[in-house]
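Trainee: I would like to work through this model step by step. Please put it up first.

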Amino acid sequence: MNRSDSIGELAAALVLTQKAVKKALKDADNPYFKSKYADLESVTDACREALTANDLAVSQVFAPEDVPGTVSVETVLMHKSGQFISGTLTMTAVKTDPQAVGSAITYARRYSLAAIVGVVTEDDDAEGAMKRAVPSLVSKDKLEDIESKFLASESAGDLENTSKMVTAIKDKLSQQELNHFASLYAATAKRLGVEPKKKGAAKNA
């Protein structure tokens, strides 16, 4: 993971962005598993407006690797201040023809974009079953404080301390809030190159 010397402004903008990011709709068909998934267009549509509104932009570039059929996609999240964070995902195509390599690049772009912005997938069945909004038992300021600490984490210690904050109030959080913090934990661990613990706020959520 690469980052600018400071990411304070970027972190603040990303907190606001994630409040407005939509869920990516599963509107593409996977013929092999007979299921639907959120394709790259759906993930992009879910976050484009929120990113732009908060002076953020995402750039994705790729380069071939030494191993035939293997490509790397670097995803850079940039703020107008010049601050940035980035991560690289390397994948191997099932074949070495252009179509297979192109599919691997698209797959890597989709997952990398969702991870760096914090886009989650819409579960149509679950959404249909949840007709009522569950009021939060934790103040908005507290939730925003925890979000900010996840996004501003610069070490495994920072991540663990923030995770403990979630654990301390876990019984007061709704399932939606728990899922949100679990996603933040996973994305932050990936950004920092930290192996998620088997126990903790994100895993228990």
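Trainee: Which is D55: buried, partly exposed or exposed?

Mentor: This is a predicted model: local features need pLDDT of at least 70, side-chain atom pairs count only at pLDDT 80 or more, and totals for chains, interfaces and linings use all residues. Numbering starts from 1 along each chain as its sequence is written, and side-chain values use heavy atoms, leaving out hydrogens and water. Buried means under 20% relative accessible area, exposed over 50%, and partly exposed in between, with a 1.4 Å probe and protein chains only. D55 has a relative accessible area of 36%, so it is partly exposed.

Trainee: What positive phi does D55 have?

Mentor: D55 sits in the loop between helix 2 (40–53) and strand 4 (56–64). Those elements are DSSP runs, numbered from the N terminus: helices are H or I with at least four residues, strands E with at least two. Most residues other than glycine have a negative phi. D55 is not a glycine, yet its positive phi is about 60°.

Trainee: How many helices and strands does the protein have?

Mentor: Read the elements from the N terminus: β-α-β-β-α-β-β-β-α-α-α-α-α-α. The secondary structure comes to eight helices and six strands.

Trainee: In strand 6, which residue is the bridge partner of V73?

Mentor: Strand 5 (residues 70–79) is mostly covered, with eight of its 10 residues buried. It runs antiparallel to strand 6 (residues 84–92), joined by nine bridges. Two strands pair if DSSP finds at least two bridges between them. The partner of V73 in strand 6 is L89.

Trainee: Which residue in the hairpin of strand 5 and strand 6 takes a positive phi?

Mentor: Four residues lie between the two strands. The positive phi, near 100°, belongs to G82.

Trainee: How far apart are the C-alpha atoms of S112 and L89?

Mentor: S112 is found in helix 3 (residues 98–117). With a relative accessible area of 6%, it is buried. Leaving aside neighbours within four places in sequence, S112 contacts Q60, T75 and L89. S112 and L89 are 23 residues apart along the chain, and their C-alpha atoms are separated by 7.1 Å.

Trainee: How do the rings of Y107 and Y111 sit: stacked, edge-to-face or tilted?

Mentor: The whole structure holds three aromatic pairs. Rings of Phe, Tyr and Trp (its six-membered ring) pair if their centres lie within 6.5 Å; planes under 30 degrees apart count as stacked, over 60 as edge-to-face and the rest as tilted. Y107 and Y111 have ring centres 4.7 Å apart and planes at 35°, so the pair is tilted.

Trainee: Which residues do ring pairs link into a cluster?

Mentor: F150 and F181 form a tilted pair, 6.1 Å centre to centre with 35° between the planes. F150 lies in helix 5 (residues 140–152) and F181 in helix 7, so the pair ties together parts 31 residues apart in sequence. F150 is buried at 1% relative accessibility, and F181 at 3%. The linked residues are F150, F181 and Y185.

Trainee: How do helix 6 and helix 7 run relative to each other: roughly parallel or roughly antiparallel?

Mentor: Helix 6 (residues 156–168) and helix 7 (residues 175–192) pack at about 175°, axes 10 Å apart. Axes are lines fitted to C-alpha atoms, for helices over the stretch in contact, and angles run from 0 to 180 degrees between N-to-C directions. Under 35 degrees counts as roughly parallel, over 145 as roughly antiparallel, 65 to 115 as roughly perpendicular and the rest as oblique. Helix 6 and helix 7 are therefore roughly antiparallel.

Note on methods: Contact = heavy atoms within 4.5 Å.
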